[in-house]
Amino acid sequence: MHKVLLEWFEKHGRHELPWRQTQDVYKIYLSEIMLQQTQVSRVEGEYYPKFLKRFPTLKALAQASENEVLALWSGLGYYSRARNLLQCAKICKDTLPKEPKELMKLPGIGTYTANAICAFAYNQPVAVVDTNIKRVIMRFFALQDEKEVQQKAQMILNTNEPKKHNLALMDLGSLLCTPKNPLCDQCPIQQWCAGKESPHSFGKTKKTKREEKVIHFGIFLQSGHIAMERSNKNLYKNMFILPAIESAPKPFATFKHSYTKYNIQATLTLLNKRPPNTHLIPLQALSAYPVASIALKGIKKAIKHLQEDL
DNA sequence: GTCCAGGAGA
DNA sequence: TCTCCTGGAC
C-alpha cells in the first residue's frame with residue numbers, strides 16, 4: 001500500500017507548491033500558519049512570497065513591528081495567526097524547537113501544525129492530520145468517531161518516508177478523496193479502503209448557519225485621509241477598522257460582507273466631524289497599514305460612490 | 001444571491 | 001463548544 005501511494009504521489013502530487021521546494025523550517029512553518037483555515041490558492045501567489053521577501057528568516061521577523069506584520073497579513077483573515085507568528089519569532093529568536101511537544105507550547109501552534117513542521121521540515125515519523133487527511137482516514141477505516149483518527153493515521157504511517165507519506169495523503173484528500181464527489185476509480189489505495197462503497201457516510205463536514213447582522217460605519221474623509229480606529233477587541237485586534245455608529249437613518253451606500261457565523265449588511269454614512277479615538281490614514285498608503293477586508297471593502301465602496309456623485 | 005473550505009485557543 | 005476571517009465556487 002505504501003508503495004502505490006508514493007508512486008501515485010510522485011506522479012500526481014502538488015510538488016510545485018513553493019513550501020515543498022524548501023527544507024527551511026521557517027519557510028515551512030510560515031506556510032503552515034498561512035494555510036491554517038486558508039485555501040492554497042490564496043497563499044501561494046501573493047501572501048507567501050510577499051511575506052518571505054520582507055521577512056526571509058525567523059530572525060528578521062523577530063525584529064519586526066506588529067503593525068508591519070499585520071499589514072502584510074491584511075486581507076488574509078484570522079489575524080491572530082500573524083500576531084502569534086511574531087510572538088513565536090520573538091520567543092524563539094532564530095531557532096524553532098524540533099519536537100512536537102515543544103512546538104505546541106508556542107502560541108498559534110496546535111497539534112496539526114506541530115506535527116506538520118516536524119514531518120515536513122525534519123522528516124520525523126509523525127502522522128499529520130489536517131481536514132483532508134482526516135477525511136481520507138475516516139473513509140479508509142470507515143470510522144464514525146473522529147477520536148480514532150490520529151491513532152489510525154499513526155498506525156498506517158510509512159515510517160521510512162514520513163514526509164512523502166503525509167504529503168501523499170494530503171494530496172489524495174484534496175485531489176481525489178474530496179468531500180463531494182470522490183474519484184474512487186482513480187484512487188491508488190482503493191482496494192484497501194473500507195469506506196469506498198459509501199464514502200459520503202464518513203468524514204462529513206459539519207454544517208454552519210449564519211446570522212444576519214447589520215453594522216453602520218461612519219466615513220470621515222479629509223484631504224485624502226480617512227478616519228479609522230484601532231480595534232481593541234478580539235475581532236480585528238490591533239487592526240484599523242471603520243468607526244461604527246449607533247444608527248444610520250440616511251446611509252449613502254451599503255455593502256455585504258461575512259465572517260464566522262455572520263452575514264453582515266453594512267451601511268456607510270458620511271460624518272461631518274472626525275469621531276474620537278480615530279486616526280487619519282492616508283488613502284494612498286492604505287496597503288502599508290493593517291486594514292481588514294471588511295474595512296477595505298467599505299472604503300472602496302465609499303470612494304467610488306462619492307466620486308460618482310461629483 | 002448562497003455555500004463552502006480551512007486549525008487554534010479559550 | 002464557540003469565536004476568529006475571507007473570496008471564490010456555484
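User: Which residue of strand 6 stands opposite isoleucine 219?

Analyst: Leucine 270 does. This is a predicted model. Isoleucine 219 falls in strand 1, which covers 211-219. Strand 6 covers residues 262-270.

User: What makes strand 1 and strand 6 a pair?

Analyst: Two strands pair if DSSP finds at least two bridges between them. Strand 1 and strand 6 are joined by nine bridges.

User: Why is cysteine 118 called buried?

Analyst: Buried means under 20% relative accessible area. Cysteine 118 has 0% relative accessibility, so it counts as buried.

User: How do you know that cysteine 118 is in no disulfide?

Analyst: A disulfide needs two cysteine sulfur atoms within 2.5 Å. The nearest cysteine sulfur to that of cysteine 118 belongs to cysteine 92, 12 Å away.

User: Where do cysteine 177 and cysteine 187 sit relative to the largest cavity?

Analyst: Both are among the residues closest to the centre of the largest cavity. Arg139, Cys184 and Cys193 are also in that group. The lining has 16 residues. By class, 12 are nonpolar, two are polar and two are charged. Helix 9, residues 131-140, gives the most, with three residues.

User: What makes this space a cavity, and how many are counted?

Analyst: In a cavity a 1.4 Å probe fits but cannot get out, whereas a pocket is open. One cavity of 30 Å³ or more is counted. The largest cavity has a volume of about 150 Å³.

User: What is the volume of the second largest pocket, and which residues are closest to its centre?

Analyst: The volume is about 410 Å³. Phe217, Lys233, Ile241, Leu242 and Ala244 are closest to the centre, out of 19 lining residues. By class, the lining has 12 nonpolar, three polar and four charged residues.

User: Which element gives the largest share of that pocket's lining?

Analyst: Strand 1 does, with three residues. Strand 3 (225-230) and helix 12 (293-309) each supply at least two.

User: Why is serine 198 called partly exposed rather than buried or exposed?

Analyst: Buried means under 20%, exposed over 50%, and partly exposed in between. Serine 198 has 30% relative accessibility, so partly exposed is the class. Serine 198 lies in the loop between helix 11 (162-175) and strand 1.

User: How far is serine 198 from threonine 113?

Analyst: Their C-alpha atoms are separated by 30 Å. Along the chain, the two residues are 85 residues apart.

Methods: Residues are numbered from 1 along each chain as its sequence is written. Chains are lettered from A and ligands numbered from 1 in the order in which they are written. This is a predicted model: local features need pLDDT of at least 70, side-chain atom pairs count only at pLDDT 80 or more; totals for chains, interfaces and linings use all residues. Side-chain values use heavy atoms; hydrogens and water are left out. On a 1 Å grid over the protein atoms alone, a cavity is a set of points where a 1.4 Å probe fits but cannot get out, and a pocket is an open set with protein on both sides within 12 Å along at least five of seven lines; lining residues have an atom within 4 Å of a point. Grid points are joined across faces, edges and corners, and a volume is the space filled by probe spheres set on the points. Helices (H or I, at least four residues) and strands (E, at least two) are DSSP runs, numbered from the N terminus. Ala, Val, Leu, Ile, Met, Phe, Trp, Tyr, Cys and Pro count as nonpolar, Asp, Glu, Lys and Arg as charged, and the others, Gly among them, as polar. Buried means under 20% relative accessible area, exposed over 50%, partly exposed in between (1.4 Å probe, protein chains only).
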